[in-house]
Amino acid sequence: MDDHVRISHFRNHYELTRKNYMVKNLKRFRRQLEREAGKLEAAKCDFFPKTFEMPCEYHLFVEEFRKHPGITWIMKPVARSQGKGIFLFRRLKDVMDWRKDTRNSDDQKEELPVENYVAQRYVENPYLIGGRKFDLRVYVLVMSYLPLRAWLYRDGFARFSNTRFTLSSIDDQYVHLTNVAVQKTSPDYHPKKGCKWMLQRFRQYLASKHGPQAVEALFSDMDNIFIKSLQSVQKVIISDKHCFELYGYDILIDQDLKPWLLEVNASPSLTASSQEDYELKTCLVEDTLHVVDMEARLTGKEKRIGGFDLMWNDGPVSREEGAPDLPGTGNFMTNTHLGCINDRKNQLQHLFCSLQAQKKASS
């Protein structure tokens with residue numbers, strides 16, 4: 001391919017974006033960290049619920065299931081989206097019925113491959129706002145895996161269910177699934193209001209309830225999720241200078257303000273469900289193209305472009321201009337501003353004006 005050509009996926013992006021591969025790579029990376037850096041460092045990967053791939057880990061799952069009777073589990077197809085094929089269960093019989101359903105009937109001559117699922121412990125104590133469950137959609141742009149170079153977008157949103165949360169009705173998808181594709185079919189759905197909060201509003205709400213320190217700790221834990229998940233596939237993904245990837249992370253917050261990684265989407269929806277959502281996503285696409293920089297206008301030293309902040313550049317990036325990118329020195333703060341006020345238009349205008357001035361000066 002010519003130098004200017006760009007492709008919006010890495011060749012084997014599914015290593016992070018298929019639910020079973022994501023968990024497999026995170027488990028392997030956790031074991032590696034424990035061997036090389038000890039249990040404390042490995043514990044930084046404890047941000048995904050206990051998960052088993054079905055049907056190949058069925059017997060391991062049954063063993064775990066019997067250790068904790070009565071808890072809720074969730075079954076998800078590994079390669080579907082928009083909440084399709086997901087169900088909750090508390091009885092082993094439900095999984096045995098599922099296994100029977102996945103097998104072909106005797107009158108079928110050709111055997112079709114069994115669709116893989118993951119069985120995952122359901123987070124039974126989600127943080128609720130107005131009695132409703134929600135999860136967060138956060139955007140991470142990876143320009144390279146070797147070395148790892150990743151940008152975090154300041155804007156994102158919380159997706160709410162339309163129905164008050166309860167564990168007494170695990171069959172009600174409007175209670176437990178926050179996917180917009182599911183919620184917009186609810187009889188209570190209001191198309192103009194939608195079911196989203198922008199991340200700025202969510203962060204302000206949490207700060208008013210729990211104080212800024214608790215919010216900083218939560219968002220720092222989320223930064224850890226982004227970096228550790230990318231590092232878990234860094235040596236597996238086929239890195240190519242022509243490729244980049246815009247990931248959509250789905251994060252659930254529990255009552256203890258602990259973030260859980262639910263999944264990573266390779267093709268996050270860019271369909272808008274409200275005017276606010278439309279503005280976010282058009283800016284997201286524009287800023288992504290600015291970072292991809294097919295016109296070769298950037299110097300490579302930028303820490304912020306539009307709504308994107310460079311959070312990892314073969315190592316953590318300092319928030320302070322001119323400060324060394326060395327964690328553990330002084331008051332090092334990672335260059336992430338998730339949910340903070342985004343003055344992207346002024347920033348872009350300033351950036352490109354300064355780039356033009358540099359070009360004029362050099363010519």
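**Figure 1. Arg11 and its salt bridge to Asp240 in the predicted model.** Arg11 is exposed, because its relative accessible area is 59%. The side chain of Arg11 forms a salt bridge with Asp240, and the closest N and O atoms are 4.0 Å apart. Arg11 belongs to the segment before α1 (14-17), whereas Asp240 sits in the loop between α9 (212-232) and β8 (245-253), so the pair ties together parts that are 229 residues apart in sequence. The salt bridges in the model number 18.

**Figure 2. The salt bridge between Arg137 and Asp250.** The closest N and O atoms of Arg137 and Asp250 are 2.7 Å apart.

**Figure 3. The salt bridge between Asp309 and Arg154.** Here the closest N and O atoms are 2.8 Å apart. Asp309 lies in strand β11 (residues 308-313) and Arg154 in strand β6 (residues 148-160); the pair links distant parts of the chain, 155 residues apart. Asp309 is buried, because its relative accessible area is 1%. Arg154 is also buried, with a relative accessible area of 8%.

**Figure 4. An open sheet of 4 strands.** The strand order is β1-β4-β2-β3, with antiparallel pairing. At the edges are β1 (51-54) and β3 (87-89), each of which pairs on one side only. Direction ignored, neighbouring strands of this sheet are turned by 25 degrees against each other on average.

**Figure 5. Strand β4 and its partners.** Strand β4 (residues 117-121) pairs with β1 in the antiparallel sense over 4 bridges. Glu53 has Val118 of β4 as its bridge partner, and Thr51 has Gln120 of β4. The pairing of β2 with β4 is also antiparallel and runs over 5 bridges. Met75 stands opposite Ala119 in β4. Of the 5 residues of β4, 4 are buried, so the strand is largely enclosed by the rest of the structure.

**Figure 6. Helices α2 and α4 against the sheet.** Helix α2 (residues 19-37) lies across β1, β2 (73-77) and β4, and runs at about 130 degrees to β1. Helix α4 (residues 58-67) packs on the sheet and touches β1, β2, β3 and β4. The direction of α4 makes about 140 degrees with that of β1.

**Figure 7. A nonpolar surface patch that includes Leu289.** Leu270, Val285 and Leu289 form the patch, and together they have about 250 Å² of accessible area. Leu289 is in helix α10 (residues 275-292). With 47% relative accessibility, Leu289 counts as partly exposed.

**Figure 8. Gln204 in helix α8.** Helix α8 spans residues 199-210. Gln204 counts as exposed because its relative accessibility is 54%. The C-alpha atoms of Gln204 and Val215 are 9.0 Å apart in space, while the two residues are 11 apart in sequence.

**Figure 9. The whole chain, for orientation.** The secondary structure comes to 11 helices and 11 strands. Buried residues make up 50% of the 363 residues. The chain exposes about 18700 Å², of which carbon and sulfur atoms supply 50%. Among contacts with a separation of 6 or more, 68% are between residues 24 or more positions apart.

Methods:
Residues numbered from 1 in each chain as written. Predicted model: local features only at pLDDT ≥ 70, side-chain atom pairs only at ≥ 80, totals over all residues. Heavy atoms only, no water. Patch = residues over 30% accessible without salt bridge, like charges linked within 9 Å, V, L, I, M, F, W, Y side chains within 5 Å. Areas by Shrake-Rupley, 256 points an atom, 1.4 Å probe, with all protein chains shown as cover. Helix = DSSP H or I, 4+ residues; strand = E, 2+ residues; numbered from the N terminus. Buried < 20%, exposed > 50% of the residue type's maximum accessible area, 1.4 Å probe, protein only. Pairing = 2+ DSSP bridges. Axes fitted to C-alpha atoms, helices over the stretch in contact; angles between N-to-C directions. Contact = heavy atoms within 4.5 Å.
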